[in-house]
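Me: I've got a new model open and I'd like to learn how to read it. Could you take me through it feature by feature?

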Amino acid sequence: MTNSKRKSSSNGNIADPASASVPEKKIKGVKEEKEDLSNAAVVVEVPASNDRDSPVRISGRKTEKKEEKTKTIGSAEIAKGTEPPKEFIQAKRHFTEALVDGRVHFKLGDDGYVQAGEGEDSYICRVVEMFEGLDGESYFCAQWFYRAKDTVIQACSNLIDDKRVFLSEIKDDNPLDCLIEKLKIVRVPLDAEVGTKRSMLSNGNYYYDMSYLVPFSTFQNLPPDNEVDGNESDSTISSESDSNVAVAKVMKIKDDKRSVMRMLDLYSGCGAMSTGLCLGANIANVNLVTRWAVDLNTYACESLKLNHPETEVRNESAEDFLLLLKEWEKLCQSFSLVGGGDPMSVEKDETENEEDDGVDDNGVGLDEEIFEVEKVLSICYGDPKEIKKRGLYLKIRWKNYGPEEDTWEPIDGLGDCQDKIKQFVVEGFSSKILPLPGDVDVICGGPPCQGISGFNRFRNKESPLDDEKNKQLVVYMDIVEYLKPRFALMENVVDIVKFAKGFLGRYALGRLVSMNYQARVGLMTAGSYGLPQFRMRMFMWGARPSEKLPQYPLPTHNVVTRGVSPVEFDSNAVIHDDIKGAELEKELYIGDAISDLPPVSNDEERDKIPYGDTPKTEFQKFIRLKKKDMPGFVGIDSSDHLLYDHQPYKLNEDDYQRSCQIPKRKGACFRDLKGVRVRDDNRVEWDPDVERVYLPSGKPLVPDYAMSFVEGRSTKPFARLWWDEIVPTVVTRAEPHNQAILHPLQDRVLTIRENARLQGFPDYYKLLGPIKERYMQVGNAVAVPVARALGYSLAMSCKGTATEGAVFILPKKFPNL
Ligand SMILES: C[S@@+](CC[C@H](N)C(=O)[O-])C[C@H]1O[C@@H](n2cnc3c(N)ncnc32)[C@H](O)[C@@H]1O
């Protein structure tokens, strides 16, 4: 008999699922009930040729821990992915079959329940190896299935069919008699309805259609069919190379290099996220275009349209947009432009109005003036006339009237103008003014979840989705469900995986998985992609089963991620495993980003000015590029290369006076003003020897709120930024009362353009709206370099050139390829 070796599950590759944490299955002490375990199993030995050659084997658990208290898998410790210590155990011999407890006959590749703790559901596994250890005990190696509640979806597992389980790549060894019952777990195709999957179950107990990998909370396509099912013990032991092949097999390799990929940007703001995604994808030769964008904010929409004339920008709520899409599909069906629906249902019933009651459909007396529709201009869902009647409306140009007389009219009242409506729908259908299901390749967006903001003290922790302010997460997923894009990318604040035990993040992931999307979650720091800003955000990828799930681009710059990711989502941070081994560029500082910009005063009124100085750093050279020179820009460049939006929010006279008195040096803030003293415990107090100073307005030089902010411990009020600093995050409100936002050398806050630079907006990206609104657009944005790197990743998935694993290294000097 030869002793055997099992491969280590860890290969050091960050992206390899096998390097995922191995949750330690702690199995109740069955052992002590049995005197001699080997008697419990009737064994059929593996032929010698199947035995592995090395004398040692690696166990995922320590045998001494057998008697430890049982735990339910899927708890925080699993998601957090801590790897239990590994220990070498020698295997004396292998076998392919065993009669466990003298009653259950297990073969290699069989599925089974494994004993769990009292009151807990049994664990579910596949038996991938059976062997006798040198200690004479019989063991099996389990490859674990996770129920949805055991995955990171946890509290939102109600979204997932309870017959559905997920195959993990986590394997570990356990005493053979922990197997308590045989199960039938059927593999089904991912891209099928729940009902179909259930019908394929036949007399099976569960079905599975996806892998679940702990790093980046990944749900993805399974390896090819025979890999996990095979009864050959070898096939379950070495999965690494096979899984590479697997992905190549399941994904469609597309050669759509220059064919247009259409994106819908939801909650688009001024369009930073989609702008970055398009630039990145185009750098990789995938022609991604933002075809539609939706945002409630009029100014943000205007900014987006100004920079993306090719985009249909819809200034409306996402919930109305979804209702509109559904109505639009019906309209297209009624004019037989797409299949289904009730043909011509909007057409006027010929029998209607046969009797002349002297009043038309709109209640207009016939002797009153009749208006004739010249053209239908636009469509929306809502209450544009503000008559408290929500529904589908058309914007009408009236015959013999100009644009100033255009009005929104409910479609029901336009029964007489079917030809005009038809013309509008036919034209709109062919120019795709609105997407129909299947039209959208990519949906991106960051649904606002104000209910989870760290600043919001009234957050509904018990039931976060009941909070109106978090409703947009549901709307976002409903739109994905309706349009079924090939890919989805959702951005949000990290709080989404923190607040209420990460409920909202789990919900979003659960929705994607319930819609058969592959999905994964990454936490990315803006500064790591070449910005002087930390700003960590959550990015959730979704991809249809036919696609390759996009990866996360690893950092290009050496910015230490600030430790804000919750412990349970530690394995979701997009960072280099071995920071020392990574070739990273130097971190950027505020000076690198803005030191070339001309001085402007607190009351600068010019919206565009010449640059004046030449760029001083690589960053400045890059950010100043004309559109036509920007890597990945596709379109017409008519820009004038002047400097736009270099205006500060104008401080009121008192704040301006205060700012003037803040010294021009690193770390200066209100603490440097006359009358303030700092105690040993780093709290401020009034200096009793100094009389309180007053401004010409009669207000105090040092306001009370500055003294009491964070109980006197803060250095933020009226703080100057300095050239060699990195800002925590670019904010939406540019006022100096509780955040560091004063320019290093000028008596004003950072301008809109300076903030835009810290967010990586190219200088050619102009913004519209009042100054406060423009700050808001910039502060709300996804940092452009992060989106650009993600766009590159998306393109690699589209082209089928993405490598294996959840992360990849961007080409050197990206985006300057
Ligand atoms: C975080 S910002 C998005 C920023 C954008 N992704 C970017 O990169 O520039 C969120 C946006 O959601 C918009 N918004 C809020 N509620 C909305 C709703 N119900 N429907 C549509 N847009 C909404 C806000 O106006 C805001 O522009």
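This is a predicted model: local features need pLDDT of at least 70, side-chain atom pairs count only at pLDDT 80 or more; totals for chains, interfaces and linings use all residues.

Me: Okay, where does cysteine 449 lie?

Reply: Cysteine 449 is in the loop between strand 20 (442-445) and helix 11. UniProt, in an unreviewed entry, places the feature "active site" at Cys449. UniProt positions are given in the numbering used here, feature names are shortened, and annotations may be inferred rather than shown by experiment.

Me: Is cysteine 449 buried or exposed?

Reply: The general idea is relative accessible area: buried means under 20%, exposed over 50%, and partly exposed in between (1.4 Å probe, protein chains only). Cysteine 449 has 7%, so it is buried.

Me: What does cysteine 449 touch?

Reply: Contact means heavy atoms within 4.5 Å. Not counting residues up to four places away in sequence, cysteine 449 touches Lys469, Asn470, Leu473 and Asn492.

Me: How many helices and strands are there in the chain?

Reply: The chain has 19 helices and 29 strands. Of its 817 residues, 56% count as buried. Take the contacts with a separation of 6 or more: residues 24 or more positions apart account for 71% of them.

Me: Let's look inside helix 11. Which residues is methionine 477 touching?

Reply: Methionine 477 has its place in helix 11, and its 0% relative accessibility makes it count as buried. Leaving out residues up to four places away in sequence, methionine 477 touches Met490, Ala508, Arg511, Leu512 and Met515. For alanine 508, 31 residues apart from methionine 477 along the chain, the separation between the C-alpha atoms is 7.2 Å.

Me: And valine 474, what is it in contact with?

Reply: Valine 474 also lies in helix 11, but it is partly exposed, at a relative accessible area of 22%. Setting aside neighbours within four places in sequence, valine 474 is in contact with Leu465, Tyr507 and Arg511. Between the C-alpha atoms of valine 474 and proline 447, 27 residues apart along the chain, there are 8.9 Å.

Me: How do I read two helices packed together?

Reply: Two packed helices are described by the angle between their axes and the distance between the axes. Axes are lines fitted to C-alpha atoms, for helices over the stretch in contact, and angles run from 0 to 180 degrees between N-to-C directions. Angles under 35 degrees count as roughly parallel, over 145 as roughly antiparallel, 65 to 115 as roughly perpendicular and the rest as oblique.

Me: At what angle do helix 9 and helix 11 cross?

Reply: Helix 9 (residues 318-334) and helix 11 (residues 471-483) cross at roughly 20 degrees, with axes that come within 9 Å. That makes helix 9 roughly parallel to helix 11. Ala318, Glu319, Phe321, Leu322, Leu325, Lys326 and Glu329 in helix 9 meet Lys471, Gln472, Val475, Asp478, Ile479, Tyr482 and Leu483 in helix 11. By class, the residues of this contact are eight nonpolar, one polar and five charged. (Ala, Val, Leu, Ile, Met, Phe, Trp, Tyr, Cys and Pro count as nonpolar, Asp, Glu, Lys and Arg as charged, and the others, Gly among them, as polar.)

Me: How do helix 9 and helix 10 pack?

Reply: Their angle is about 110 degrees, with the axes of helix 9 and helix 10 (residues 418-431) 10 Å apart. Helix 9 and helix 10 are therefore roughly perpendicular to each other. Trp328, Leu331 and Cys332 of helix 9 make the contact with Phe424, Val425, Gly428 and Phe429 of helix 10. Here the residues divide into six nonpolar, one polar and no charged.

Methods. Residues are numbered from 1 along each chain as its sequence is written. Side-chain values use heavy atoms; hydrogens and water are left out. Helices (H or I, at least four residues) and strands (E, at least two) are DSSP runs, numbered from the N terminus.
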